[in-house]
Amino acid sequence: QLQLVESGGGLVQPGGSLRLSCAASGNIYSIYNMGWYRQAPGKQRELVATITSGGTTNYVDSVKGRFTIARANAKNTVYLQMNSLKPEDTAVYYCNADLWYSAGRGNYWGLGTQVTVSS
């Protein structure tokens, strides 16, 4: 059974840091693009950062210079290092992966992890 499981969320003060992880498990043959999205209350889900299998990254303007996405291909894991956090970063963060596994190829989501930035 395919699973994408996020971890690392929590409550942090403005200016603080968190590191999110997302591990994909199941009978996976290959993972292509991976990414992080977020959804704040009352807002649409938005892209935060993506990374290709070759390591090319892309960020939404609001997090450039503060967030870093990375992946460990051998572990089927993607990370999001978040520094200089702001209250407006508060959201549920979702992992996304475009992958090929035993049941076929598709785009899959984790269940999300809450990040709250507040003093």
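Modeller: A strand here is a DSSP run of E of at least two residues, numbered from the N terminus. Asn96 lies in strand β9 in this sense. The model is a predicted one.

Colleague: What makes Asn96 count as buried?

Modeller: Buried means under 20% relative accessible area. Asn96 has 7% relative accessibility, so Asn96 counts as buried.

Colleague: Which side chain does Asn96 join through a polar contact, and why is the pair called that?

Modeller: The side chains of Asn96 and Asn107 are joined at 2.6 Å. A polar contact is a pair of N or O atoms within 3.5 Å, one able to donate a hydrogen and the other to accept it, so the 2.6 Å pair of Asn96 and Asn107 is called a polar contact. Apart from neighbours within four places in sequence, the residues in contact with Asn96 include Leu4, Met34, Tyr37 and Trp109.

Colleague: How do you know that Cys22 and Cys95 form a disulfide?

Modeller: Their sulfur atoms are 2.1 Å apart. The structure holds one disulfide. This pair links distant parts of the chain, with Cys22 in strand β3 (residues 18-25) and Cys95 in strand β9 (residues 91-101), 73 residues apart. Cys22 and Cys95 are both buried.

Colleague: Why is the disulfide of Cys22 and Cys95 called left-handed?

Modeller: The torsion about the S-S bond is about -80°, and the disulfide of Cys22 and Cys95 is therefore left-handed.

Colleague: Is Met82 buried or exposed, and what makes it so?

Modeller: Met82 has a relative accessible area of 0%, and buried means under 20%, so Met82 is buried. Met82 belongs to strand β8 (residues 77-82). Beyond four places in sequence, Met82 is in contact with several residues, among them Leu18, Leu20, Phe67, Tyr93 and Val115. Gly15 is 67 residues from Met82 in sequence, while the two C-alpha atoms are 9.9 Å apart.

Colleague: Arg66 is found in the loop between β6 (57-59) and β7 (67-72). Why does Arg66 count as buried?

Modeller: The value for Arg66 is 11% relative accessibility, under the 20% limit, so Arg66 counts as buried. Not counting residues up to four places away in sequence, Arg66 touches Gln81, Met82, Asn83, Ser84, Leu85, Lys86 and Asp89. A polar atom of the Arg66 side chain lies 3.0 Å from the backbone oxygen of Ser84.

Colleague: Why is Ser84 called partly exposed?

Modeller: Ser84 has a relative accessible area of 41%, so Ser84 is partly exposed. Ser84 is placed in the loop between β8 and β9. Phi of Ser84 is near 50°, a positive value in a residue other than glycine.

Colleague: What makes Asn76 partly exposed?

Modeller: Asn76 has a relative accessible area of 23%, which also falls between 20% and 50%, so Asn76 is partly exposed. Asn76 is found in the loop between β7 and β8. Asn76 is not a glycine, yet has a positive phi of about 50°.

Colleague: Finally, what volume does the largest pocket have, and which residues lie closest to its centre?

Modeller: The volume of the largest pocket is about 190 Å³. Of its 13 lining residues, Arg38, Lys43, Glu46, Ser62 and Glu88 are the closest to the centre. By class, the lining has two nonpolar, four polar and seven charged residues.

Terms used
Residues numbered from 1 in each chain as written. Predicted model: local features only at pLDDT ≥ 70, side-chain atom pairs only at ≥ 80, totals over all residues. Heavy atoms only, no water. Helix = DSSP H or I, 4+ residues; strand = E, 2+ residues; numbered from the N terminus. Buried < 20%, exposed > 50% of the residue type's maximum accessible area, 1.4 Å probe, protein only. Contact = heavy atoms within 4.5 Å. Disulfide = S-S within 2.5 Å. 1 Å grid on protein atoms, 1.4 Å probe; cavity = no way out; pocket = protein on both sides within 12 Å on 5 of 7 lines; lining within 4 Å. Points joined across faces, edges and corners; volume = space filled by probe spheres on them. Nonpolar A, V, L, I, M, F, W, Y, C, P; charged D, E, K, R; others polar.
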